[in-house]
Amino acid sequence: WTITHDSVGKLLVAIRAREPGNAWTPHLTPVYETKRRAYIEALHSRAVVDSQPDNNSMHCLPNGVPAMMVIPAPIGFEFLFTPGRVTLLSEESPPRRIYTDGRARSQDAESTYAGESIGHWEGRTLVIDTEAIDANAQLLIFNVHGSGQTHVVERVHLVDPVHLQIDTTVEDPAELADPWRYSATYEKSNLVMGEFLCDNKNNRERGPDLDLTPPSQTP
């Protein structure tokens, strides 16, 4: 499954707040709204300074939940259904293990980029409740990271045999003034899952610094 261009476009417009009153625009707290605006302004100035703003991908870090599900790239997702668990594989991020065996949430779950996901079925809709999301995971596509208190609920259902819809609600008391709700549609793909490899040793651009040292020669 890959996210549709239409969904990506609507999310990009909403997060950039180009349309006043857009229902998908996240209402950030003042501190994080400043971070969002600074990142967007840095993107706009790239043509002048020829430098990409710092983000997770520049450090070979995954986007994490929730941004990993809506990044504007043709990233493939695959759902594996086994007794008591749904495993969501991504070409770009770590796998998400969604436990549907009725277990309670861990009291001391380790924070990870994918978080701890507990799921249940409501008819033909898979409801995924995710907490314990690492603070380095990206809340927004535009490099606003989480606070370590992010809570994500996703409702996954088939629209038709070739279209999947995920309705998402994100809560974070440190970052969001109110719950952020948006939807995304995914298309079924006949392509094979690819392998995404990030080679950090060849990453030469980190924030404002550019390393022009020639690569080491190995026999």
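This is a predicted model: local features need pLDDT of at least 70, side-chain atom pairs count only at pLDDT 80 or more; totals for chains, interfaces and linings use all residues.
Which residues does Arg-96 touch, not counting residues up to four places away in sequence? Here they are: Val-65, Met-68, Met-69, Val-86, Thr-87, Leu-88, Ala-114, Ser-117, Ile-128, Thr-130 and Glu-154. Touching, or being in contact, means having heavy atoms within 4.5 Å.

Residues are numbered from 1 along each chain as its sequence is written, and side-chain values use heavy atoms, with hydrogens and water left out.

Let's start with the overall layout. Follow the sequence and you get the pattern β-α-α-α-β-β-β-β-β-β-β-β-β-β. Take the contacts between residues at least 6 apart in sequence: 51% of them join residues at least 24 apart.

Of the 219 residues in the protein, 40% are buried. Buried means under 20% relative accessible area, exposed means over 50%, and partly exposed is in between (1.4 Å probe, protein chains only). The protein exposes about 12300 Å², and carbon and sulfur atoms supply 53% of that. Accessible areas like this one come from the Shrake-Rupley method with a 1.4 Å probe, and for residues only the protein chains shown count as cover.

Back to Arg-96, which sits in strand β4 (residues 96–99). Arg-96 counts as buried because its relative accessibility is 1%. Its side chain has a polar contact of 2.7 Å with the side chain of Glu-154, and another of 3.2 Å with the side chain of Thr-130. A polar contact is a pair of N or O atoms within 3.5 Å; within protein, one must be able to donate a hydrogen and the other to accept it, and residues adjacent in sequence count only if both atoms are side-chain atoms.

Arg-96 and Glu-154 turn up again around a cavity. A search of the whole structure finds 1 cavity of 30 Å³ or more, and the largest cavity holds about 30 Å³ of space. Its lining is made of Met-69, Phe-79, Leu-88, Arg-96, Ile-128, Glu-154, Val-156 and Ile-166. That splits into 6 nonpolar, no polar and 2 charged residues. For this count, Ala, Val, Leu, Ile, Met, Phe, Trp, Tyr, Cys and Pro are nonpolar, Asp, Glu, Lys and Arg are charged, and the others, Gly among them, are polar.

What makes a cavity a cavity? On a 1 Å grid over the protein atoms alone, it is a set of points where a 1.4 Å probe fits but cannot get out, while a pocket is an open set with protein on both sides within 12 Å along at least five of seven lines; lining residues have an atom within 4 Å of a point. Grid points are joined across faces, edges and corners, and a volume is the space filled by probe spheres set on the points. The largest pocket has about 580 Å³ of space. Of its 28 lining residues, the closest to its centre are Asn-55, Ser-57, Asn-63, Ile-71 and Glu-92. The lining divides into 14 nonpolar, 9 polar and 5 charged residues.

Next, find Met-68 in the loop between α3 (46–49) and β2 (77–82). Met-68 is buried because its relative accessible area is 1%. Beyond its neighbours within four places in sequence, Met-68 is in contact with residues including Asn-63, Glu-92, Ser-93 and Arg-96. Ser-93 lies in the loop between β3 (85–90) and β4, and its side chain makes a polar contact of 2.2 Å with the side chain of Glu-92.

Most residues other than glycine have a negative phi, and most peptide bonds are trans. The peptide bond from Val-65 to Pro-66, however, is cis, with omega near 5°, and Pro-66 is in the loop between α3 and β2. Ala-132 is not a glycine, yet it has a positive phi of about 55°. You'll find Ala-132 in the loop between β6 (125–131) and β7 (151–160).

Definitions and conventions: Helices (H or I, at least four residues) and strands (E, at least two) are DSSP runs, numbered from the N terminus.
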